[in-house]
Amino acid sequence: MDDLPVEVIGNILSQLKAARDVVVASTTCRKWREAWKKHLRALSFDSNDWPVYRDISTTSLEILITQTIFQTRGLQCLSISMEDADEFSAAPVIAWLMYTKDTLRELCYNMRTHPNINIVERCGRQKLEVLKLAHTSITGVEPSYQKFPHLTSLSLSFVSISALDLSLLLSICPEIESLALINPDIAMSDSQATMELTSHSLQEIHVEAISLDKFLLEADSLQNLNLRDCNLEVFELIGKGALRVFKMDDVSIIHLDISESMENLEVVDVANFTVMWPKFYHMISKSSKLRTLRLWGVALDEEVEAMDLETISVCFPQLSHLALSYDLGDGVLNHCLQGSSNLENVVVLELGWTIISNRFSAWVAGLLERCPGLKKLIIFVGVSEAKTEEEYGMLGNFTTSMIPLMRKYMEVEHTNCSNGNGPGQFLELSVWFKTCQTILHRPAMAVIMECPVQLIEAWTIAEWLCKFVITIWSNMMELPVDMMDEDLDQLSQTLGRQLSFGIDIVDSQDCGS
């Protein structure tokens, strides 16, 4: 340790970041204290890192942070997150920003001050590259030219800002590449019904928990669009075909227009969304380079307009990862499996369904036949409030129905086998039964069945079944001991009447998360 250069020690301390850990480590010796003062590059004050922050007064916190920051030189990354603390005085906070303005590259600011500090005004024309603001307000943004000439990443969480100020803020960040808007309070003027954002450098945007009538985004270089938990009447993206990743989760949109930017799409991930398949397909139909298509927990608007494998296989020839999860009626099942084209390049297949029934097994079998190059199959089956013998029996029937599929797909031929003997690939099956609430009458019980299997020609079905592990994990303190055996017998008889399972009972305190 004595031979370590003081600059290296400074890098080590910078990796710690947390102010308390840095100060404690700097007391090791004089050399480490010198590294803290002269070569520390990152420092973080977070009320979640040290409970003492919550116990001391705001005035004491201001003194502590001031003394710590003022003993450093050349600080490049400063994070202050005191969400649980009372309002700070504006004067010391301004002093921290002024002291670090010449060297600071990244600022994470999550605190309340009285009076409120306009961070945009205080940090303008500096060398900031990353700015993360939370629980504050931004007002009166001046349309000055390139106020943040080096800023590449901007994150606003629980920030109050008007639509006009947000638009102006983007305009003074000519190099911005990443924008995150998380639960912002967007103020709209009476004359402005549309929030319009324009950036020619923006490459990634994440929008979460936002509600607007109309959202217009013009971004020529946008590659990643992520919408989550949003309520929008109209969303329109104007781009030049640079979009690569489109993700949408739990979003309500009446009119979605991004079709002009879909030509180079590689990933489409839509979850918890009502899909009118013909319109959605028309929107993504130009994406011939699509490699990942995930439609998870979607509700099909009409059964007769359900998605079908024929359309997917023809329009997306490079597709390698397909994930589907939606309710299967008789009409949807038949429509989905129609046609004869195979998904030749699909190597990962994820299937899910909220309510288990005999249709699901047929759906799995039909999809397996259409994916000749499959390497990995993952099945997610939700079991919610299973309280009747019939529901237990249905779960057991599904487990049993997987056996012939395993026999059929025990080997996957590999044309480029190096030694010429035996299959060079394997089919891996992971079946998860995820409980939404309960499987055995009590909320404390949960059943997770995970069966990763490598099916190669030397293994038999019996050897494959031995790989099943049913882990029943519960809080033993909540269940009467005399009822545990009865519950376990009922579960094992239902799931494994004709099969052999290994059953382990694990206390929740022992199995961790």
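Reply: Let us begin with a term: two strands are said to pair if DSSP finds at least two bridges between them. Please keep in mind throughout that this is a predicted model.

Me: Which residue of β7 stands opposite Leu133?

Reply: β6 also pairs with strand β7, residues 153–157, and this pairing is in the parallel sense over 5 bridges. Within β7, the residue that stands opposite Leu133 is Leu156.

Me: Turning to helix α1, within what arc do its buried residues fall?

Reply: Helix α1 spans residues 6–16, and its buried residues are Val6, Ile9, Gly10, Leu13 and Ser14. Seen down the axis of α1, these residues line one face of the helix, since they fall within an arc of 145°.

Me: What covers the buried residues of α1, and which residue just after the helix takes a positive phi?

Reply: The cover over the buried residues of α1 includes α2 (19–26), α3 (30–39) and β1 (42–46). Just after α1 there is a residue with a positive phi of about 65°, and that residue is Lys17.

Me: Among the aromatic pairs, is the pair of Trp50 and Tyr53 stacked or edge-to-face?

Reply: A search of the whole structure finds 4 aromatic pairs. The rings of Trp50 and Tyr53 have their centres 5.3 Å apart and their planes at 80°, and planes over 60 degrees apart count as edge-to-face. Trp50 is partly exposed, with a relative accessible area of 25%, whereas Tyr53 is buried at 4%. The pair is therefore edge-to-face.

Me: How many residues apart in sequence are the parts that the pair of Phe70 and Tyr99 ties together?

Reply: The rings of Phe70 and Tyr99 have their centres 4.6 Å apart and their planes at 20°, so this pair is stacked. Phe70 lies in the loop between α5 (58–69) and β2 (77–81), while Tyr99 lies in helix α6 (residues 90–100), so the parts tied together are apart in sequence by 29 residues.

Me: Is Leu351 buried or exposed?

Reply: Leu351 has its place in strand β23, residues 348–353. Leaving aside its neighbours within four places in sequence, Leu351 is in contact with several residues, including Trp296, Leu324, Phe360 and Trp363. Its relative accessible area is 0%, and under 20% counts as buried, so Leu351 is buried.

Me: Which side chain does a polar contact of 3.0 Å join to that of Asp220?

Reply: Asp220 lies in the loop between β13 (211–218) and β14 (224–228), and it is buried, with a relative accessible area of 19%. Beyond its neighbours within four places in sequence, Asp220 is in contact with residues including Ser199, Ile238 and Lys240. The side chain joined to that of Asp220 by the polar contact of 3.0 Å belongs to His200.

Definitions and conventions. Residues numbered from 1 in each chain as written. Predicted model: local features only at pLDDT ≥ 70, side-chain atom pairs only at ≥ 80, totals over all residues. Heavy atoms only, no water. Phe/Tyr/Trp six-rings, centres within 6.5 Å; stacked < 30°, edge-to-face > 60°. Buried < 20%, exposed > 50% of the residue type's maximum accessible area, 1.4 Å probe, protein only. Helix = DSSP H or I, 4+ residues; strand = E, 2+ residues; numbered from the N terminus. Arc of directions from axis to C-beta. Contact = heavy atoms within 4.5 Å. Polar contact = N/O pair within 3.5 Å; in protein donor to acceptor, adjacent residues only side chain to side chain.
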